Amino acid sequence: MDIKMIVCDLDGTLLRSDKTVTRRTLDALDKCRRQGIIFAVATARSVTGARMFTDHMMPDALVYNGGSAVQVAGIKIYENPMPSGLVSVLVNELLGRGVTNFSAENDEGYFYHGNRYEYADYLKGFGLTIGQINPEGQMPPLHKLTAEISGDKAKQIVEKYLEIGIVTYTDTQMVRFARKDATKWHGIKVLAEHFGVNTANIVAFGDDNNDLDMLENCGIGVAMGNAINEAKTTANFICDTNDKDGVARWLEEKIW
């Protein structure tokens, strides 16, 4: 296999269920990098939320907030936030449907309405602005807004505003709202162009709904053994689970 880039999701993929990464996985990724293969992380987490993991993984690139922004060597090379006017419309659409618990992020801050999650305290430790969402106030451009909302209500909103897309997650009741083209696959295409890599030479590892597009469109898609059925049917390969070093085992077998 002529692999030029490896792209891995974090939660449910590189991370075990206890949110740790094994030495075996880190060593496998490091060996790939020493062979000249680019290693990138593609995650729904914010850049700050991913730091507790990426600081010791040291990926060459990071696609974060589900594809709303891309960094290479810590420098942002791309972002596609929802503009402030669209954010205000979305906030009022949520409140009009009785949705009161939601949060929103950009690279500078975390903003919430209703529940204030512990995650906010983690981000505050990195100097980010933490604030409540005022529906009457002016919101900044945001990479994503995550809400406790039913799938039906979420679909009603995106049917009205075609520039907004949603992603659901199998292990939570949360729905992510962002620009429709703010996807992991789009972020990977940005990286491919930046590094001069053909997407046919990229292998992507993932497990959930927001990984489907990259599993389908990268040259090789690998679903985790713990992945949802849709990921397994979309991917070219299925590796072992995240708790059994699935990524490392696949790399050890297929690349060297």
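Figure 1. Helices (H or I, at least four residues) and strands (E, at least two) are DSSP runs numbered from the N terminus; axes are lines fitted to C-alpha atoms, for helices over the stretch in contact, with angles from 0 to 180 degrees between N-to-C directions. The open sheet has the order β8-β7-β6-β9-β11-β10, with mixed pairing; two strands pair if DSSP finds at least two bridges between them. Because β8 (129–132) and β10 (164–168) each have a single partner strand, they stand at the edges, and one side of each is left without a neighbour in the sheet. Antiparallel pairing joins β10 to β11 (residues 174–179) over five bridges, and Ile166 has Phe177 of β11 as its bridge partner. Helix α3 (residues 84–96) also packs on the sheet, touching β6 (102–105), β7 (109–113), β9 (144–148), β10 and β11, and its direction makes about 0° with that of β9.

Figure 2. Ser68 is found in the loop between β3 and β4 and is buried, with a relative accessible area of 0%. Buried means under 20% relative accessible area, exposed over 50% and partly exposed in between (1.4 Å probe, protein chains only). The Ser68 side chain reaches the backbone oxygen of His143 at 2.9 Å and makes a polar contact with the side chain of Arg176 at 3.4 Å. A polar contact is a pair of N or O atoms within 3.5 Å; within protein, one must be able to donate a hydrogen and the other to accept it, and residues adjacent in sequence count only if both atoms are side-chain atoms.

**Figure 3. Two residues with positive phi.** Met58, in the loop between α2 and β3, has a positive phi of about 55° although it is not a glycine; at 51% relative accessibility, Met58 counts as exposed. Asn65, in the loop between β3 and β4 (69–72), has a phi near 50° and is buried, with a relative accessible area of 0%.

**Notes.** Residues are numbered from 1 along each chain as its sequence is written, and side-chain values use heavy atoms, with hydrogens and water left out. As the model is predicted, local features need pLDDT of at least 70 and side-chain atom pairs count only at pLDDT 80 or more, whereas totals for chains, interfaces and linings use all residues.

How values were computed: Contact means heavy atoms within 4.5 Å.
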